[in-house]
Amino acid sequence: MTPPLRIGFLGGIPPAIGGGGLERQMRDTAQALRARGHEVVFLERAERRPPLDVVHGFGAEPNLRHLLLHAQALRPLVVSPVIVLSRGREEQVMRVAARLPLLTAGRMRLQILQRADAIVALTAYERDVVVRLVGRDATADVAVVPNGSGSLDAPVVAPPPELPAQPFALLLGTVSARKAQLEIVRVLAPRLPVVVAGGFHGSDAERAEWEGTVAGSGTTWLGHVDDPAVVAALQRAAAVLVHHSTAETQSLAVVETLSLGTPVVLSDLPSHRELAAAHPAHVRVVAERAQLADAATSFAAHPPSGPAPAIPRWDGVAQQLEAVYARVAGRSARS
């Protein structure tokens, strides 16, 4: 095991704009690192900044750039960029924006990545985006460390009593335009009961439209569910998880659900295609929302056989990060 390190965490995106998953990634990673004997300090919350062996920045967003540019001592630096892209055109736009002389969001992201001593990507696609954007050596400076799952470690509890008696499709996460739950419910509900667990982000008019669709379709909306044991109970009880977002890096809801053996129907995104290639019996990727009902009802009628997909737990994630931290800390000590 790597000797104990003092690690500073920086960054994250406010949950109100879709950063709840990133906040959880940081929290669960920190918990796993502490369990392995390391000290983790959330620098934005710390009253003072202790001496650090390594700094790990999450998000590569403007707030992280501001912190790093005004604190040159925050080195050596590891960055998890969490680049949320949907299609090839979006990647091209980001790459062009990063090279403009203006201080665009893409330019800020590039500055952070150029300053990093090592980069941690969640998927092979994100690694390739970073390599094309920054020109890094993918084998030396960009490690692929996927999200872990804590669902298997959650206490087993009974699911909420208001769930449908028959097989149902589950939607997890904050209801928003990016995750497209409104359109998904309209496609699924005529053929399969739907349960939604997640708060709401949007305008008053959008919320009224959502609530009207929920009531008219007979959908069960549980609102925000923050108890990991209850979330795991929902994942176990569901016939299928449907996650057809328009952009994603690597969804915690998806990998956690897979770790429990529940199949998933996903949008046609690079990270989802990687999961489908790794776990073909439990993952189905569909390009068009009109295809969701066929895929979901097929899983409901014919659940996949065999063991649940082998998704790493957070201790495994922490072990992989240790190697990255040790390398950059050792390199810094020698320089």
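## Getting to know this fold

Ala180 counts as buried because its relative accessibility is 1%; buried means under 20% relative accessible area, exposed over 50%, and partly exposed in between, with a 1.4 Å probe and protein chains only. You're looking at a predicted model, where local features need pLDDT of at least 70, side-chain atom pairs count only at pLDDT 80 or more, and totals for chains, interfaces and linings use all residues. Residues are numbered from 1 along each chain as its sequence is written, and side-chain values use heavy atoms, leaving out hydrogens and water.

Q: What share of the protein's residues count as buried?
A: The protein has 12 helices and 12 strands. Out of its 335 residues, the share that counts as buried is 52%.

Q: Which residue of E3 is the bridge partner of Phe9?
A: Follow the bridge from Phe9 into E3 and you land on His56.

Q: Why is one side of E9 and of E12 left without a neighbour in the sheet?
A: Another open sheet of 6 strands runs E9-E8-E7-E10-E11-E12, also with parallel pairing. E9 (220–221) and E12 (283–286) stand at its edges, so one side of each has no neighbour, because each has a single partner strand.

Q: At about what angle does H11 run to E12?
A: Helix H11 (residues 292–301) lies across E10, E11 (264–267) and E12. Angles run from 0 to 180 degrees between N-to-C directions, using axes fitted to C-alpha atoms, for helices over the stretch in contact. For H11 and E12, the angle is about 170 degrees.

Q: Which helix gives the most residues to the lining of the largest cavity?
A: A cavity is a set of points on a 1 Å grid over the protein atoms alone where a 1.4 Å probe fits but cannot get out, and lining residues have an atom within 4 Å of a point. The largest cavity has a volume of about 80 Å³, counted as the space filled by probe spheres set on points joined across faces, edges and corners. Its lining has 14 residues, and Gln25, Leu122, Val145, Val317 and Leu321 are the closest to the centre. With 3 residues, the top contributor is H12.

Q: Is Asn147 buried or exposed?
A: Asn147 lies in the loop between E6 (142–144) and E7 (169–172). Its contacts (heavy atoms within 4.5 Å), not counting residues up to four places away in sequence, include Gln25, Leu122 and Trp314. Because its relative accessibility is 3%, Asn147 counts as buried.

Methods: Helices (H or I, at least four residues) and strands (E, at least two) are DSSP runs, numbered from the N terminus. On a 1 Å grid over the protein atoms alone, a cavity is a set of points where a 1.4 Å probe fits but cannot get out, and a pocket is an open set with protein on both sides within 12 Å along at least five of seven lines; lining residues have an atom within 4 Å of a point. Two strands pair if DSSP finds at least two bridges between them.
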